[in-house]
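Subject: Structure handover

Hi,

Here is the structure you were waiting for.

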Amino acid sequence: METLPGIAVVSSSQTRPKSLIKLITKLQIISETSDKPGVTKHCWNIDTKYYTARVNFLEIETTDAEQDEDLIKSIEALIIHMDSNSETGLDDLKKWKFLDVWNADVKLLLANYCTENTKITKTRALEWCLKMGFEFIELYPTVLKQDEDEIITEKFGVERVVEALHSHTWSNLVMKDKKNIKSVECSDTKKDNGDGNEKILPNDELDDFADLFSQLQTMKDSLQGMPVNQRKQCAEQMVTAFWKAIGGEEEEIFD
């Protein structure tokens, strides 16, 4: 049987992993299978503008899973829910020994909300995330700061969780083909080739570029805390994606 990439979901709060999975997938009924004690799999079909992928949400309720090598190898994303209204909110995470073992590409620490008045302050949560290489996300943030003049629209809450997962390069993803792209002349899509001629970007390619650009800040944030080699690899993938979005061929980059 095919081993799908895994998104491990654990909780040190009263919120159960299954509730988080339903919140992220926006599904009230989710399929589930279990072939390991304390681990329940929920298949999720990802379908973005650029690719499709099948992954498993792994609802983990036992620390015994930390010893399962096959399970560990399949995990590409890790989501942990913390109780910010508990004095031991961060200390409770220590029971999950895998924090020092599981090297997932995407690591998210969630809390329902977190302020400087909660028992685990936002400052403490961010300090922990910086140290451990996690991104901190409030599912129900009390304050949404968004500058109207900003080009990049920042996502919050569950939308940011989904965005982070969609931004990952899953090991089994299948890129979508871009076919039958037609050039449509538009005043703001003309580019000078340097020889007096104008090259017109197809509208679809312009949309691709705009969509990628809108995710630039998100990509940058996701790279924070990664090892240098991983950051370089991700940067190369980003350059390739931008180049292809404006009509370039991947071979041209390597040339």
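Start with helix H4. Gly157, Val158, Arg160, Val161, Val162, Glu163, Ala164 and Leu165 are buried there. That is eight of the ten residues in H4, which spans 157-166, so the helix is mostly covered. Keep in mind that this is a predicted model.

**Salt bridges**

How many salt bridges are there? The count is eight. Side chains of opposite charge can pair when their charged atoms come close.

Arg16 pairs with Glu61. Their closest N and O atoms are 3.0 Å apart. Arg16 sits in the loop between strand E1 (6-11) and helix H1 (17-25). Glu61 sits in the loop between strand E4 (51-60) and helix H2 (69-74). The bridge therefore ties together parts that are 45 residues apart in sequence. Arg16 is partly exposed, at 34% relative accessibility. Glu61 is partly exposed too, with a relative accessible area of 40%.

Glu32 bridges to Lys18, with 2.9 Å between the closest N and O atoms. Lys18 belongs to helix H1, while Glu32 is in the loop between H1 and strand E2 (33-36). This pair therefore links parts that are 14 residues apart in sequence. Relative accessibility is 44% for Glu32, which makes it partly exposed. Lys18 is partly exposed as well, with a relative accessible area of 27%.

Lys94 and Asp91 also meet in a salt bridge, at 3.5 Å from N to O. Lys94 counts as exposed, because its relative accessibility is 57% and the cut-off for exposed is over 50%. Asp91 is partly exposed, with a relative accessible area of 43%.

**Two residues to look at**

Is Gln14 buried or exposed? Gln14 is exposed, with a relative accessible area of 75%. Find it in the loop between E1 and H1. Its C-alpha atom is 7.6 Å from that of Asp83. Along the chain, Gln14 and Asp83 are 69 residues apart.

Glu138 is in strand E7, residues 135-138. Glu138 is buried, because its relative accessible area is 9% and buried means under 20%. Which partners does the Glu138 side chain reach? One is the backbone nitrogen of Cys114, at 2.8 Å. Another is the side chain of Lys122, through a polar contact of 2.8 Å. Leaving aside neighbours within four places in sequence, Glu138 is in contact with Ala111, Asn112, Tyr113, Cys114, Lys122 and Gly157.

**Cysteines**

How many disulfides does the whole structure hold? A search finds zero. A disulfide is a covalent bond between the sulfur atoms of two cysteines. Take Cys129. The closest cysteine sulfur to its own is in Cys114, 9.4 Å away. That is too far for a bond, because the two sulfurs would have to be within 2.5 Å. Cys129 is buried, at 4% relative accessibility. Cys43 counts as partly exposed, at 32% relative accessibility.

Best wishes

Definitions and conventions
Residues are numbered from 1 along each chain as its sequence is written. This is a predicted model: local features need pLDDT of at least 70, side-chain atom pairs count only at pLDDT 80 or more; totals for chains, interfaces and linings use all residues. Side-chain values use heavy atoms; hydrogens and water are left out. Buried means under 20% relative accessible area, exposed over 50%, partly exposed in between (1.4 Å probe, protein chains only). Helices (H or I, at least four residues) and strands (E, at least two) are DSSP runs, numbered from the N terminus. A salt bridge is a side-chain nitrogen of Lys or Arg within 4 Å of a carboxyl oxygen of Asp or Glu. A polar contact is a pair of N or O atoms within 3.5 Å; within protein, one must be able to donate a hydrogen and the other to accept it, and residues adjacent in sequence count only if both atoms are side-chain atoms. Contact means heavy atoms within 4.5 Å.
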